[in-house]
Amino acid sequence: NVVRYAGTDHCQVSIGCRDEELTIEVTDDGLGGVIAATGYGITGMRERAGLLGGQFSAGPRPCGGFRVAASLPLRTAAR
C-alpha cells in the first residue's frame, strides 16, 4: 500500500511485543493526505483490531507522510 498510495518507495515497519500486547506501526514519508472515503482497507483493519479487543489508528503525520498503528492483546493458552 505504501508504494501504491504514498508516492514513496519505502516505509518503516516496527513490531513490538511486551507484556501481553503486540504492537505494529507502519510509517512513511510519502504524500500523507487524508484517509480515502472509498475502499475498505483502513476500515477493515480498524474493524479487525476491534474484534480482537485491540486499538487502531491511521492518518497523516504532522511532519508529513502517513502512520498506521495497531495494538492487539495477546491471549495466553488455557492450561
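Is Arg18 buried or exposed, and what is its relative accessibility? Arg18 counts as exposed, at 52% relative accessibility. Buried is under 20% relative accessible area, exposed is over 50%, and partly exposed lies in between (1.4 Å probe, protein chains only).

The model is predicted: local features need pLDDT of at least 70, side-chain atom pairs count only at pLDDT 80 or more, and totals for chains, interfaces and linings use all residues. Residues are numbered from 1 along each chain as its sequence is written, and side-chain values use heavy atoms, with hydrogens and water left out.

**View 1. The salt bridge of Arg18 and Glu21.** A salt bridge puts a side-chain nitrogen of Lys or Arg within 4 Å of a carboxyl oxygen of Asp or Glu. The whole structure holds two. Here the closest N and O atoms are 3.0 Å apart. Glu21 is partly exposed at 25% relative accessibility.

**View 2. The salt bridge of Arg67 and Glu25.** The closest N and O atoms are 2.6 Å apart. Arg67 lies in strand S4 (residues 66-73) and Glu25 in strand S2 (residues 21-28), so the pair ties together parts that are 42 residues apart in sequence. Strands (E, at least two residues) are DSSP runs, numbered from the N terminus. Both partners are partly exposed: Arg67 has a relative accessible area of 32%, and Glu25 stands at 26%.

**View 3. Thr27 in strand S2.** Thr27 is buried, at 12% relative accessibility. Leaving out residues up to four places away in sequence, Thr27 touches Cys11, Gln12, Arg61, Phe66 and Arg67. Contact means heavy atoms within 4.5 Å.

Definitions and conventions. Helix = DSSP H or I, 4+ residues; strand = E, 2+ residues; numbered from the N terminus.
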